[in-house]
Amino acid sequence: VDLLLEAASGTAVRTVLDLASGKGEASCVIAERLGCKVVALDPFLPFLRLSVEKTHRRGVDGRLHHVRASGRLAPFRDRSFDAGLCIGAPSIVGLEPALRELARLVRPGGPVVVSDVIFRTLPAQPTGKEWGWLAEIEQFSAGEYAQVMERCGLEVERVVVHGRNAWEAYHAPMMLVAAEAWANGDTAFAARVDEGIELERRGVDAWIDYATFVAHVA
Ligand SMILES: C[S@@+](CC[C@H](N)C(=O)[O-])C[C@H]1O[C@@H](n2cnc3c(N)ncnc32)[C@H](O)[C@@H]1O
C-alpha cells in the first residue's frame, strides 16, 4: 500500500481499483490516505461483507464502493481508473487475465502495483502433495514475473522483494486466530491454520519470496 501511495504521489488520482480486495484493508487505507474514490472488487461474498462493515467503522463509506465480480472480466469500461492494485492475488485470479484487466482499466501512465509469491530458486524435484498450494502455482522468478507484466501492458519500474519479516507479520495474526481456536476447542480449524503457516514457512526456507512490482500502464 505504501508503494502504491508513493507511486501515486504527484499524479492526479481520483479513482483507484483494488482488484481482489478481500477483506478490504488496503482499500480502506487508500481511501483514508488519498481521500479518493476506491472500488473494491472481489467475488467472495463473506469477504465483501467484512469489507463493507470495515468501511462503515472507518468512516470511508462515501468513498469506498464494493463490486462483486471476477477480476478476470471486470464490469468497467477501459481506462475507468487512475491507479490500480492487486495485493497477493494476481496468481489466484489468474496471472495474465488479472494483469491484462489492470492494464485495460487503468489509464495509460497510471500506477499499478501488484504483489505475489515468487520463486527465489526453482525446486530441484517436481513438488509433491506435501507442498499443498505451493506445488500448484506457476513457478516464476521475480524477473520472469516482471516479463509477464510487460507482456500484459504494464511497464515495471521497480521490484521490491520483501524480507522474512514480511512473512512473520503476515503469519502473526493467523497464529493468534489459531491460538484462540485451540483455546475454544475448535481443534480441526486450529490445526488447519497451523499447518498452513508451517507449509509457508517451509516454502520460504526452501524456495519462495514475496515481491511487490511497481509499474505503470504502457
Ligand atoms: C490472498 S487474498 C488477497 C486479498 C486482499 N488483496 C488482501 O491483500 O488482503 C486473494 C483474494 O482473491 C480473491 N479472488 C479469488 N478469485 C478471484 C477472481 N477471479 N477475481 C477477483 N478476486 C478473486 C479472493 O476472494 C480473495 O479475496
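**Contacts and strands**

Modeller: V114 touches C86, P90, L99, L102, Y145, M149, A211, T212 and F213, where touching means heavy atoms within 4.5 Å and residues up to four places away in sequence are not counted. This is a predicted model, in which local features need pLDDT of at least 70, side-chain atom pairs count only at pLDDT 80 or more, and totals for chains, interfaces and linings use all residues. Residues are numbered from 1 along each chain as its sequence is written, and side-chain values use heavy atoms, with hydrogens and water left out.

Colleague: Which residues touch the most other members of the largest nonpolar core?
Modeller: V114 and F213 do, in a core of 34 residues; such a core is a set of buried Ala, Val, Leu, Ile, Met, Phe, Trp, Tyr and Cys residues joined through side-chain atoms within 4.5 Å.

Colleague: Switching to T15, is that residue buried or exposed?
Modeller: T15 counts as buried because its relative accessibility is 17%, with buried meaning under 20% relative accessible area and exposed over 50%, partly exposed in between (1.4 Å probe, protein chains only).

Colleague: And where does its side chain reach?
Modeller: The T15 side chain comes to 3.5 Å from the backbone oxygen of S80, and T15 also touches K37, F81, D82 and A83, among others, again leaving out residues up to four places away in sequence.

Colleague: What is the bridge partner of T15 in β2?
Modeller: That is K37, and β1 and β2 pair in the parallel sense over five bridges, where pairing requires that DSSP finds at least two bridges between the strands; strands here are DSSP runs (E, at least two residues), and helices are H or I runs of at least four, numbered from the N terminus.

Key. A polar contact is a pair of N or O atoms within 3.5 Å; within protein, one must be able to donate a hydrogen and the other to accept it, and residues adjacent in sequence count only if both atoms are side-chain atoms.
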